[in-house]
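Open the model in your viewer and keep the selection tool handy. This short tour goes from one stop to the next.

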Amino acid sequence: MSALIEKLRAQCLKRGAHGIKGLGRAFRILDDNRDRKLDLTELKEGLQEYGLELSPEEITEIFQEIDRDGSGTIHFDEFLRAIRPPMSQTRLNIIGQAFQKMDKTGDGIITIQDLKNTYDVTRHPKFINTEMSEDEIFGLFLQNFDAPNDPDGKVTKEEFLNYYAGVSSSIDTDEDFVEMMKSAWKL
């Protein structure tokens, strides 16, 4: 990857674990026709609205690097793959294990139904005090991984990876990352 994509990635990661996810949200907001693609003008608007410090020329260069087929548009997933920090195979494997544990139906999407088999809400304070129902708590949990401005109550493996790409960038060693994932997901 180029120095400019590294610069874009670094600016996103300064925002913490949700930096790349937030940029994904900005991307979706600009995608008015919901085709999951942006042209150069839309990308420039999105990066400026997100508050990233890149010149129009730098954005053009980033766009051209990501638009490898020269179609004049970049696909949402293609864009996120380009800016996601590289992760070792060890980290990708443990993220995959966690996703598989959650995806009980094996369809590649985590839903509330999947969570009902793995996540016990009966100890959640808002369930105990009857402030929230079981489904509301599951929905709240999924929002951690789901696209905030396009919440569909479903989490794809790509969304799950994007979330953990941000988390991964703040953990120095593979061993520490694996231990965190094992603890969080009881793997």
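The model is predicted.

**Stop 1: a helix pair.** Select helix α1, residues 3–13, and helix α4, residues 56–66. Their axes lie 9 Å apart, and the helices pack at an angle of about 105°. Angles of 65 to 115 degrees count as roughly perpendicular, so α1 and α4 are roughly perpendicular to each other. Now show the side chains at the contact. From α1, pick Leu 4, Ile 5, Lys 7 and Leu 8. From α4, pick Glu 58, Glu 61, Ile 62, Glu 65 and Ile 66. Colour the contact residues by type: five are nonpolar, four are charged and none is polar.

**Stop 2: the largest core.** Move to the largest nonpolar core, which has 27 residues. Which of its residues touch the most other members? Select Ile 95, Phe 160, Tyr 164 and Trp 185. Helices α6 (89–102), α9 (134–143), α10 and α11 (174–185) each supply at least two residues of this core. The largest share is from α10, with six residues.

Centre on Trp 185. Beyond its neighbours within four places in sequence, Trp 185 contacts Ala 98, Lys 101, Met 102, Phe 141, Phe 145, Phe 160 and Tyr 164.

A second, separate core has 24 residues, including Leu 4, Cys 12, Leu 54 and Phe 63.

**Stop 3: a serine in α10.** Select Ser 168, in helix α10 (residues 157–169). Is Ser 168 buried or exposed? Its relative accessibility is 6%, so Ser 168 counts as buried. Residues up to four places away in sequence aside, Ser 168 touches Met 87, Arg 91 and Phe 177. Finish on the side chains of Ser 168 and Arg 91, which make a polar contact at 2.7 Å.

Note on methods
Residues numbered from 1 in each chain as written. Predicted model: local features only at pLDDT ≥ 70, side-chain atom pairs only at ≥ 80, totals over all residues. Heavy atoms only, no water. Axes fitted to C-alpha atoms, helices over the stretch in contact; angles between N-to-C directions. Helix = DSSP H or I, 4+ residues; strand = E, 2+ residues; numbered from the N terminus. Parallel < 35°, antiparallel > 145°, perpendicular 65-115°, else oblique. Contact = heavy atoms within 4.5 Å. Nonpolar A, V, L, I, M, F, W, Y, C, P; charged D, E, K, R; others polar. Buried < 20%, exposed > 50% of the residue type's maximum accessible area, 1.4 Å probe, protein only. Polar contact = N/O pair within 3.5 Å; in protein donor to acceptor, adjacent residues only side chain to side chain. Core = buried A, V, L, I, M, F, W, Y, C linked by side-chain atoms within 4.5 Å.
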